[in-house]
Structure formats: structure tokens, C-alpha cells
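Good morning. Please have the sequence and the model open while I talk.

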Amino acid sequence: MNYVRDVGALARKDLLLELRARDTLPAMLLFVAAVFVVFHFTLPGTPSRLETSGLLWVAILFTALLGLGRAFVPEREQRTLDGLVLAPCDRSAIWLAKSLATLAFLAAAEVVALPLYGLFFHRVGGATVAAVALADLGICGVGTFLGAMAVVTRARDLILPLLFLPLAIPIVVGAVGASVVDSPGRYLGFLALYDLLFAVICWASFEYVVAE
Amino acid sequence: MLLRVLVARRLGKRYGEKRALRGIDLELPRGGFLVVTGPNGSGKTTLLRICAGLAQPTDGTIERAAARSQVGYLGHEPLVYRELTALENLDLYGRLYRVPERRERIGMLLERFGLWDARHERVASYSRGMTQRLALCRVLLHDPELLVLDEPYSALDEAGAELLDDQLAELCGERTFLLSTHDSARVERLASGRLALAA
Amino acid sequence: MLAVASLVLVTTALAFVFFVAPNDANQGFSQRIFYFHVSIAITAYACFAGAAWKALRHLWKRDPRADLESYVLVHQGLIFGTLVLLTGSIWARISWGRWWLWSSDQLVLFLVLYLFYCAYFMLRYSVDPGPQRANLSAVYALFGVVLIPVSFAAIRLAKDIIHPVVFTLQGPQFGGWILVTYCIAQVALPVLAYTLYRLELGAKRLDGRLRDLREALA
């Protein structure tokens, strides 16, 4: 019960920080719209559903990366991660709270992105929305975890995409599959499995990422 | 109740090729007040970070008879979020440290350190002295058994320094202190032990 | 001792591959690269799995030597991974006239893992040596070993959405001398890997001891 309260307090802090700073979410929205426009110019002719589905997920992935790169910035610049690590709460709560906050922003960006995609390219079906939901969990869980790792390095923002993209490949496969195939159950199931597997490993090992 | 809060034997810390600490022995009894002095670069900050539990030594051992919930650490950074208000910062830490009667305690500390009127303003708008006073509130919030303070006077103005003097005098003997400072004369009368680090 | 053993084994394997194993009915002499490709791949997997095991020992048991061992194993895995990609590419060229096949599950999986473990090195070199670097490396190595089966499943799933292409890399029908040759190669390569591992580990440990000594004298 305490754990839930800790996660709540930390997530509330993250949401407050972003709402006050007001930079990450607008950037993500603008980015995703710009990326769609670029896609239009990079696809010759009338692209099929399969092709544009792929592009949707590229857009979501890179928009997410934009947000993930910013996730631990307050903790890094003001060294406040020390303060959180000193606290008696379970360190995994820091990861979970940050993931939930990032999820909220990514979802907010997608609320705009998906209709926009429907407007520019093809209508988005129910399976795609389900895929978005499941993929978001994986993206935010793993991405936040790697973001905490990246923040400790000298390379910082440079290294996050390198760490994240190989791990994101299964997410992309599951998500694109669910978007285009007639019976998306298998792909959605795969996404759920990925989410569960990596959530467990992230939850269990975050301790080692932040504490020396 | 264990008699010694901190015991370190041949403590050393190396960051890659650079050595920050070498062969430190220290014993801090319950209720003790250990003052650490030394020039810049002698490893005071590293030593205090290890004692607070923020860093692990690369050589030697350290035993700490205080759980995380019983340790309060003040470093060079105030460890408060600039975009949050004083109240929001202390509320967060109050929840994380499960401080009983959180609101009352926060109010009491803010008043004691003269920040009550500024409690709804973002920390970004505070002066350096005010931020340091807020950091002191954060450290004292959960009434820790062991207080590790790294040059607490450095960012304080004279009024703030006097407030800290009063606070230290009040808690001296009841709580255990590990404090580093350039101005050892100020805390001389409280000190039960001294440790001088060489560069 | 170990070096001698691996030299003997690898030479034997080479001898068998080139002289003893019969020619493949379809692909002829050039198909022999299969013997190395598969055994190198399995060796690489073993290295990554070993690295993850050492990583676990570092995190869980606080084994002071495990971090370096894990790192060297990842390094070996990456070296052998490079060989997998190279031999696979050559094999693809021989079989289908193209230097790369997206349809080969094995190749694509290794490409993903290659990217992942290259990032391991970027991570490692971007953090100062110390307990934090060891922790981060260990956690990442554990992620890697989980990624192997997950990626494999993903690549298989992807076959349904990406146009299935007929090009594949097929091994020969197992039997007789082919099996023997393969087994020899399969034993030789892990031994070689282990020899290289011990060599590199020894060299790195010596480096570490020299550094400690220099520091103690300073």
C-alpha cells in the first residue's frame, strides 16, 4: 500500500513538473505533425495501408524518444535523483512513477497524432488503437528505464536511441502486425507478453541503475 | 540500540583513475558530533556521500547502523525541485519519508526557517540563502537519527546561519552529526570529534 | 595448454570441413561454410548467455570478478557475432547471389543483437569505471539475454506481415560424415572462444593489477 502511495507521490511530482515546464508535450505534438508531413513527401504514389502503418509506428517511436530523452532531465540537472535515492521508498517506484508520467504524455500526444494520421493517410481501426495502448506500455516502461541509464553517462541524449531501438524492434513488429493483419490477436498477445516480461525485469533491476 | 552509528575502516574511493579518498578510519558514536575539515579536493564530499549511503567505497568497509529513513543528507545541491514550490517539495519528501503529521511538521519547519511567507512560490525564484534554508527543512523533515551535512553554512546568509546554529545546538547530543565545514570555529563548541582530511 | 587444445581442434575441424565431409548435392563445395556459420552462431549465443550469467552474479552475489568476466564475454560474443554476419553474408551470396537476406531469421536476429551489444560498448565507454558502470553493464547484459528469444519470436511473427520471400539458407541433410564434421566444428569453436576469453580476461586483469600497483605507489 505504501508502495502505491510512493508511486502516486512521485508520479504527481513528474506530472506537475511537466505541466509547469510546458515544453515536452508541445514539442512532441509538433514533432509528430511535422513527421507526418515529411512522410507524405517521402512516399511516392499512393501508399498502401501496410506502408503507412509502418510510418505511423516510426513516428510514434521517435516522438516517444523525444519525450523519453527529457524524462530524467530535472533529476539530472538539479541532482535531485540523489534525494529520491536517499528516501526509504523502493527504488523501483521511481521507475514506475516516471513511466506512468511519460505514458500520460505519450498518450496525450497520440490523442492528437492518431486522428491526424487518420486525416492524412488512413483511418485507424480498433486493433491499431489496442496496439497503441499495449505498445505504449512497453515503450514507456523500457524507455524510462533506459533513460535513467542514459542520464548517468557522458553521452546522455546521444546514447538513449542506441540503447532503445534494438529493444523497440519487437514492439514495432507486434504493433505493425496488429495494425495490418486480419486477426490481430496473436500480435496483441505478443505485445502483452513483451510488456509483462520487460516490466518485470525493469522493476526488479532499477535498483541497480540508480543506487551505486 | 547500537552504540556506534557509523564505523569506517580503511575507507577509500576511486573514480576511475582519480583517487578521492584513501585509508580513512572513523567511528561515530550515537549522539556524537564529528566535524570534518580539509582543503578543497581532500574528499570531504566523497566521504560524506559514502557515509550517507549515496556512494559505495571502492576500498575498505563502512557500517551504518541507521536505515535510510533515519538518515538526513545535505549536500552541495539542495536536492529540491526548482519548478515546484517549497510546500510541494516538502510534501513530496514528507510522503516519501512517511512523516507523521506531515502538514503540521512542514508548517513548523517553514516557519522556523523563515520561509512560511514564500511557501507557495517556486524554488526557482528563491535566493541562494532561501534555497539552502529549504534544504535544511528537507533534511530535518523526517527527524533523522543521523544527519550528514556537507558544508551547510556555505550558502547561508548571516540570519540563516544563526538559525542553523540554534538548530544544531538544540539537537546536539540527541542526534548524531557528521558535518563538514571550512569554518570549524563555528561548530567548535558542539564537536565531540574532529577529522582532518589531507589533500 | 588450452591454446594448444583449441589449435588442434580448430585445425581438425578445418581438415574435416574441407576434406572429409562430402559435397552437398545442391550447393557443392561452397556450402561448407555452413559448418562454421552455425557453430559460430551457437558459440556467440553461449557467450551472450554466459555474459548474462556473470552479470547476474555481479548484481546478486556481488562477485568482484564478475563484471570484467561479463564484459569480456560480451566482447567475445560480439566478435563471433561479426563472424556470423560475415559467414552468413558469404553463404547468402553463394546460395542466392545476394549479400544480405532479410528472410534468414538467424541473420536478422544477429543483426538486432549486434546493434544491441554494440550499444553495450557505447554504454560502457560512456561511463567512468566503477561500481556504477559495472551495475549498468550488468543490467543491460541481462536485458540482452531476454531480448534474444523475444526478438526471435518477433522476427518469426514479422514474416507474416512482410512479404515472405523464398530465399532461405538451408543446411544439408544430416547424416554420416556431415554429422561428424559438424560436431567437430561445434566443439572446436566454443573451445576457441573460451581460449580467447581467457586470454583477454588475463590481459585485462593484468592491466587492472598494474593500475592498482601504480596507484599504490603514487
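I will go through the chains, then the contacts between them, and end with a few single residues.

First, the ground rules. This is a predicted model, so local features need pLDDT of at least 70 and side-chain atom pairs count only at pLDDT 80 or more, while totals for chains, interfaces and linings use all residues. Residues are numbered from 1 along each chain as its sequence is written, and chains are lettered from A and ligands numbered from 1 in the order in which they are written.

Start with chain B. Chain B has six helices and eight strands. Helices here are DSSP runs of H or I with at least four residues, strands are runs of E with at least two, and both are numbered from the N terminus. Along the sequence the order in chain B is β-β-β-α-β-β-α-α-α-β-α-β-α-β.

How far does the C-alpha trace of chain B span along its principal axes? About 45 × 35 × 35 Å. A compact globule of 199 residues would have a radius of gyration near 16 Å, and chain B has 17 Å, which agrees. That radius is taken over C-alpha atoms, and the globule rule is 2.2 Å times the number of residues to the power 0.38.

Of the 199 residues in chain B, 43% are buried. A residue is buried if 20 or more other C-beta atoms lie within 10 Å of its own, exposed if 12 or fewer, and partly exposed in between, with C-beta atoms placed from the backbone. Two residues are in contact if their C-beta atoms, placed from the backbone, lie within 7 Å. Among contacts in chain B with a separation of 6 or more, 73% come from residues 24 or more positions apart.

Now look at helix α1 of chain B, residues 44-52. Eight of its nine residues are buried, so this helix is largely enclosed by the rest of the structure. Among the buried ones are B:K44 and B:R49, along with B:L47, B:L48 and B:I50. After α1(B) comes B:G53, with a positive phi near 100°.

Chain C is built otherwise: six helices and zero strands. Buried residues are 43% of its 218 residues. Of the contacts in chain C between residues at least 6 apart in sequence, 77% join residues at least 24 apart.

Next, where chain C meets its neighbours. Its contact with chain A takes 27 residues from chain C and 27 residues from chain A. Which helix of chain C gives the most to that side? It is α5(C), with 16 residues. The side of chain C that touches chain A divides into 22 nonpolar, four polar and one charged. Here Ala, Val, Leu, Ile, Met, Phe, Trp, Tyr, Cys and Pro count as nonpolar, Asp, Glu, Lys and Arg as charged, and the others, Gly among them, as polar.

The contact between chain C and chain B takes five residues from chain C and four residues from chain B. On the chain C side, these are two nonpolar, one polar and two charged.

On to the inside. The largest nonpolar core has 191 residues, and those with the most contacts inside it are A:L191, B:C137, B:V148 and B:L178. Such a core is a set of buried Ala, Val, Leu, Ile, Met, Phe, Trp, Tyr and Cys residues joined through C-beta atoms within 7 Å. Helix α7 of chain A, residues 126-152, gives the most to this core, with 15 residues. Leaving out residues up to four places away in sequence, B:C137 touches B:L90, B:L109, B:L110, B:F113 and B:L115.

Most residues other than glycine have a negative phi. A:R22 is not a glycine, yet its phi is positive, about 55°. A:R22 sits in the loop between α1 and α2 of chain A, and is exposed, with 9 other C-beta atoms within 10 Å. B:D143 is also a residue other than glycine with a positive phi, near 50°. B:D143 lies in the loop between α4 and β6 of chain B. Is B:D143 buried, exposed or partly exposed? With 15 C-beta neighbours inside 10 Å, B:D143 counts as partly exposed.
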